[in-house]
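Subject: Structure handover

Hello,

Here is the structure I promised you. Please open it first, then read the notes below.

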Amino acid sequence: MRLKREKKGVANRQKNVFISLCKNCCFLHFSLLLSNELALKHLTMDIDKKKYKVWTWKNPLVLHWIINPGLAFNELALGQRIPKIMVIEKGGRKSLPERSFVPCPHCNTLHTSLKWTPQNNTAFKNWFGLYCDHCGGIIPCVRNATSAVLLALTFPLWYWFKDKWKEKWLADQKAKFAKPLVLTQPDFQWWYVGLRFAFSMFIFMNLFNFLILQEVFTWKKLLINAIVWVLGGLIFGLFMKKFTRTRPTRQRGEQVSAT
Ligand SMILES: [Zn+2]
């Protein structure tokens, strides 16, 4: 009887923590999405809507980036970022990365997304945003909600150093982009992308379950989580390969020139 009451008490505490997290999370997401929507007003470039689709936070892939807590690892540790606005060429026989462009709100240059790839050593370490090699400005990126919370909580640890770090980061970017860039589509290692995603989700979900919801830790639960996320990650990797590397069979529209 006593054990039953204790179990019920733990379940109620978990429920209250969960409800409180959900409320705060909804508020945070709403604020982030509103700030993203307001940021779109700064883009002055005229985009030919007949030729291009415009991806903002409303696109499912970008929205997934904002709301998935596991991707905070990619954003904060790896410096992987998604621009607030992407322009996708309609039609043609090219794959998604080949049809994707990133507008710079400072100089209105339309960059091919292939500038930010592992082969150019520019896909990661973009903690301050994406560097524009035309004007030296920083192209703004969307912010993952969990990253935003972690940055807010650790504010006193990094705020005093951010200007110095940014200065060094800008100098590094300038040096990287001064070299000739390879603008061909890089190989997509779906299993590596999947396992990286699985690792982020495994770490986050276990921290969430055992530290926040205070579930009882067992090695069995940990093992089951590991298997679930490895399988989930591999499925995610295959989906991303299919979605981003499949070339349409029908040819429509015109090619664009990008700088
Ligand atoms: Zn620029």
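First, a definition: two strands pair if DSSP finds at least two bridges between them. Helices (H or I, at least four residues) and strands (E, at least two) are DSSP runs, numbered from the N terminus.

Two points on the source. This is a predicted model: local features need pLDDT of at least 70, side-chain atom pairs count only at pLDDT 80 or more, and totals for chains, interfaces and linings use all residues. Residues are numbered from 1 along each chain as its sequence is written.

The sheet

The chain has 9 helices and 6 strands. An open sheet takes 4 strands, in the order β1-β2-β3-β4, with antiparallel pairing. β1 (52-55) and β4 (110-112) are at the edges, each with a single partner strand, so one side of each has no neighbour in the sheet. On average, neighbouring strands are turned by 35° against each other, direction ignored. Between β2 and β3, which run antiparallel, there are 2 bridges. V87 has F101 in β3 as its bridge partner.

The cores

A residue is buried if 20 or more other C-beta atoms lie within 10 Å of its own, exposed if 12 or fewer, and partly exposed in between; C-beta atoms are placed from the backbone. By that count, 21% of the 259 residues are buried. A nonpolar core is a set of buried Ala, Val, Leu, Ile, Met, Phe, Trp, Tyr and Cys residues joined through C-beta atoms within 7 Å. The largest one has 22 residues, and W65, I66 and V87 are among those with the most contacts inside it. α2 (60-67), α3 (72-78), β2 (86-89), β3 (100-103) and β5 (130-131) each give two or more residues to this core. A second, separate core has 5 residues, including F197 and W229.

The helices

α8 (residues 190-212) packs against α9 (residues 219-245) at about 140°, with the axes 7 Å apart. Axes are lines fitted to C-alpha atoms, for helices over the stretch in contact, and angles run from 0 to 180 degrees between N-to-C directions. α8 is therefore oblique to α9 (under 35 degrees is roughly parallel, over 145 roughly antiparallel, 65 to 115 roughly perpendicular, the rest oblique).

One residue to look at

L170 sits in helix α7 (residues 162-178). L170 is partly exposed, with 15 other C-beta atoms within 10 Å. Its C-alpha atom is 9.1 Å from that of G137, 33 residues away along the chain.

Best wishes
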